[in-house]
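Work through the exercises below with the sequence and the model side by side. Each task is followed by its solution in steps.

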Amino acid sequence: MTDNRTGEPAADEQNARGGGIPSVTIAYIAESAGVSIPTVSKVLNGRSGVSEQTRARVEELINRHGYRRPSGSRNNIVELVFRELENMWAVEIIRGVEQVARKNRVGVMVSEFGLHDTPAMSIDDTVGRRPRCVLSVAQLSPSEREKLKAKGIPYVVYDPIDELPDGVPFVGATNWRGGQAATRHLLQLGHRRIAMISGPDHTFCRARVAGYLSALAEANVPADPGLLVRTLLTREDGCAAARELLSRPDRPTAIFTANDLQALGVYRAARDLGLSIPRDLSVVGYDDLPVVAWVDPPLTTVHQPLTEMAVAATELALAIGRGESVPQVGLEIATTLTVRESTAPPRD
């Protein structure tokens, strides 16, 4: 029975259990709050469907009684969260996560949140599944990160597109060096009018542009603002940007793109304008998706170690989940340049 004045287990109930502090259960929290057990479960799991007043009352009781979820209740899965699964590099990431999961005898669940303005699964669904850890390719908002933290679910951000607060675990790549290596390669071939088709104002795009500009400055080649175009990271937008660049009287002799999809758009624009790659135009992409080794001609591109990044991110998330002390929570894995047949010296 409960002492109605305090909400605490009555003294005779405590004595019946041996005189000590009673074992607090979800049922006891529900009874004390005057709600159902499923409602308490929703509050514990951070799920919606509970009024703010009820949630506050349940949380106050949980904190007062020091309720802890029974050990071993977290599911033995890594949840891999994408914003969209349409990207071609998703398979490379999944491959890396699966590799680590098999070694650690952990299951993998792949979720798609959808874009911010579309109805889809949310972080509440992820919290409710109680995974061992979360690897987020979707860029988590501050409130989403806070919900995971509040429930003690470790997470790692994969290839962040924005600056993260200190202490947020992430795994990325050396984007600045990738942009520098691509541009240096074209400069060494003799190109001087080198255009870059970049992407939105994300951290990794800015880093790739900075590498491009650094290589030009290093070679004493003035950066022409008209040769730097920013657009979306799609084949169609890469094509449109390249068509405009290549229609100029002083068109560039080489184009470096922020990803491989844009580079495939450059291929289409060059073909439509009757230009040959690499005789009339050299092209360098970024990512090294498997498909670009099979286009004609095979694409020179910056190899972003997508699978290796996924391996490192999954290992980091599992280590944090085990409570291990990790040497650093932010990792950057080196990019390399893969030279194929889409680049050559400029024509005289």
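The exercises cover a helix, a strand, a loop residue and an aromatic pair.

The model is predicted, with local features needing pLDDT of at least 70, side-chain atom pairs pLDDT 80 or more, and totals for chains, interfaces and linings using all residues. Residues are numbered from 1 along each chain as its sequence is written, and side-chain values use heavy atoms, with hydrogens and water left out.

**Exercise 1.** Check the length of helix α4 (residues 52-65) against its end C-alpha atoms, and state which of its residues are buried.

Step 1. Helices (H or I, at least four residues) and strands (E, at least two) are DSSP runs, numbered from the N terminus. The expected span is 1.5 Å times one less than the number of residues. For the 14 residues of α4 this gives 20 Å, and the end C-alpha atoms are 20 Å apart, which agrees.

Step 2. Buried means under 20% relative accessible area, exposed over 50%, and partly exposed in between (1.4 Å probe, protein chains only). Thr 54, Arg 55, Val 58, Leu 61, Ile 62 and His 65 of α4 are buried. Down the helix axis these residues fall within an arc of 130°, taken from the directions from the axis to the C-beta atoms, so they line one face of α4.

Step 3. Glu 52, Gln 53 and Asn 63 are exposed on the other side of α4. The buried residues pack against α2 (26-33) and α3 (37-44), where contact means heavy atoms within 4.5 Å.

**Exercise 2.** Find the strands that pair with β1 (residues 75-82).

Step 1. Pairing requires that DSSP finds at least two bridges between two strands. β1 runs parallel to β3 (residues 131-136), joined by 5 bridges, and Asn 75 has Pro 131 as its bridge partner.

Step 2. With β2 (residues 107-112), β1 pairs in the parallel sense over 6 bridges; there Leu 80 is partnered by Val 110.

Step 3. Because 6 of the 8 residues of β1 are buried, the strand is largely enclosed by the rest of the structure.

**Exercise 3.** Is Thr 231 buried or exposed?

Step 1. Thr 231 lies in the loop between β7 (228-230) and α10 (235-246). Its relative accessibility is 17%, so Thr 231 counts as buried.

Step 2. Beyond four places away in sequence, Thr 231 touches residues including Ile 197, Pro 200 and Gln 262.

**Exercise 4.** Which residues form the aromatic pair?

Step 1. The structure holds 1 aromatic pair (ring centres within 6.5 Å; planes under 30 degrees apart stacked, over 60 edge-to-face, the rest tilted; rings of Phe, Tyr and Trp, its six-membered ring). Phe 256 and Tyr 286 form this pair, at 6.4 Å centre to centre and 40° between the planes, hence tilted.

Step 2. Phe 256 is in β8 (residues 254-257) and Tyr 286 in β9 (residues 282-287), 30 residues apart. Both Phe 256 and Tyr 286 are buried.
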